[in-house]
Amino acid sequence: LGSVTKPWTAARIMQAVEAGRLGLDDAAHEWVDPVLRRMWNSSLEALWGKNSSIVTIRDLLGMTSGFADYDDAHLEALTLRYAGDDVGPFVYLTSAARQGWLHKGYVCAPRTCAAYSGANFVLLGLVLVNLDASVEWQDMNQRDVIPTALRHRYQHTSFLRLGRCAQYEHVAPQYAQAPLPGPLGRRHAVFLDMEQVSCLNGWTMGNIATSAMDLATFFYDLATMTGGGGFVNATSLAVMTDWHNLSDT
């Protein structure tokens with residue numbers, strides 16, 4: 001179910017804020033750079049330049065970093081062409097960093113607009129890796145966001161990582177429509193069975209596999225169980241539901 005992953009990632013970030021381990025107004029590079037350097041010999045500045053130094057955790061959560069989104073058409077083609085390969089988080093980040101305003105990876109300067117970008121939530125995933133001291137990004141258990149007392153309510157929720165869909169139990173069949181060249185240069189559409197394709201689909205921003213009931217339960221629990229034992233407290237929920245329109249479409 002793709003981008004429905006993002007609220008779960010946001011909830012886990014807010015849990016860290018509630019625990020005093022992280023501040024919403026902390027500079028993002030302070031949390032992501034140690035992971036970027038260790039895993040990919042990179043940094044937020046190397047990807048997005050000096051302006052990225054003022055981007056905060058709050059900006060990543062609220063889509064106000066100004067960072068462009070990844071090139072969806074390119075990554076879709078990459079996934080279909082190399083079906084057995086997983087497209088990891090750094091590929092999404094480098095794709096986003098090459099897009100947008102003046103080709104420098106920005107839709108706008110930080111905090112001057114609100115523009116939707118999956119890259120923001122990949123970066124929040126790296127923040128969580130830093131907090132958990134995981135050796136590699138794929139080792140992080142995203143189900144840890146579910147409070148222990150509530151885990152029995154989420155028997156049909158997984159966060160898929162490495163490997164093809166066929167490797168995971170109970171993932172429903174799904175198909176992608178892909179244009180392929182045909183006779184006389186004409187293109188025709190075919191439907192590809194995604195069972196033998198990577199099921200990763202955007203770590204911490206798009207890699208959830210869940211049921212309609214589990215998903216409805218998540219939003220219900222998130223919104224109503226703020227007095228203890230739920231995903232977040234009332235203060236966090238108020239921050240999460242302080243709505244602002246996006247500047248883009």
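This is a predicted model: local features need pLDDT of at least 70, side-chain atom pairs count only at pLDDT 80 or more; totals for chains, interfaces and linings use all residues.
Two other topics round out the tour: a search of the whole structure finds 2 disulfides, and the largest nonpolar core has 57 residues.

**Helix 1 against helix 8**

- Two packed helices are described by the angle between their axes and the distance between the axes.
- Here, helix 1 (residues 5–18) and helix 8 (residues 212–224) pack at an angle of about 35 degrees, and their axes lie 11 Å apart.
- On the side of helix 1, the contact is made by Pro 7, Trp 8 and Ala 11, while helix 8 brings Leu 215, Phe 218, Phe 219 and Leu 222.
- The residues of this contact divide into 7 nonpolar, no polar and no charged.

**The nonpolar core**

- In soluble globular proteins, nonpolar side chains tend to be buried together.
- Within the largest nonpolar core of this model, the residues with the most contacts are Trp 8, Trp 48, Ile 57, Leu 93, Leu 123 and Phe 231.
- Elements that give two or more residues to this core are helix 1, helix 2 (28–40), helix 3 (44–48), helix 4 (57–62), helix 6 (89–97), helix 7 (118–132) and helix 8.
- Helix 7 gives the most, with 10 residues.
- Leaving aside neighbours within four places in sequence, Phe 231 is in contact with a list of residues that includes Trp 8, Val 145, Ile 146, Tyr 154, Phe 218 and Leu 222.
- Among the other contacts of Phe 231 are Gln 15 and Asp 221.

**The two disulfides**

- A disulfide is a covalent bond between the sulfur atoms of two cysteines.
- Cys 165 and Cys 199 form another disulfide, with their sulfur atoms 1.8 Å apart.
- This pair links distant parts of the chain, 34 residues apart: Cys 165 sits in the loop between strand 1 (158–159) and strand 2 (175–181), and Cys 199 in the loop between strand 3 (187–193) and strand 4 (208–209).
- For Cys 165 and Cys 199, the S-S torsion is about 100 degrees, so their disulfide is right-handed.
- Cys 165 and Cys 199 are both buried.
- Counting bonded cysteines along the chain, the disulfides follow the pattern 1-2, 3-4.

Key:
Residues are numbered from 1 along each chain as its sequence is written. Side-chain values use heavy atoms; hydrogens and water are left out. Axes are lines fitted to C-alpha atoms, for helices over the stretch in contact, and angles run from 0 to 180 degrees between N-to-C directions. Helices (H or I, at least four residues) and strands (E, at least two) are DSSP runs, numbered from the N terminus. Contact means heavy atoms within 4.5 Å. Ala, Val, Leu, Ile, Met, Phe, Trp, Tyr, Cys and Pro count as nonpolar, Asp, Glu, Lys and Arg as charged, and the others, Gly among them, as polar. A disulfide is a pair of cysteine sulfur atoms within 2.5 Å. Buried means under 20% relative accessible area, exposed over 50%, partly exposed in between (1.4 Å probe, protein chains only). A nonpolar core is a set of buried Ala, Val, Leu, Ile, Met, Phe, Trp, Tyr and Cys residues joined through side-chain atoms within 4.5 Å.
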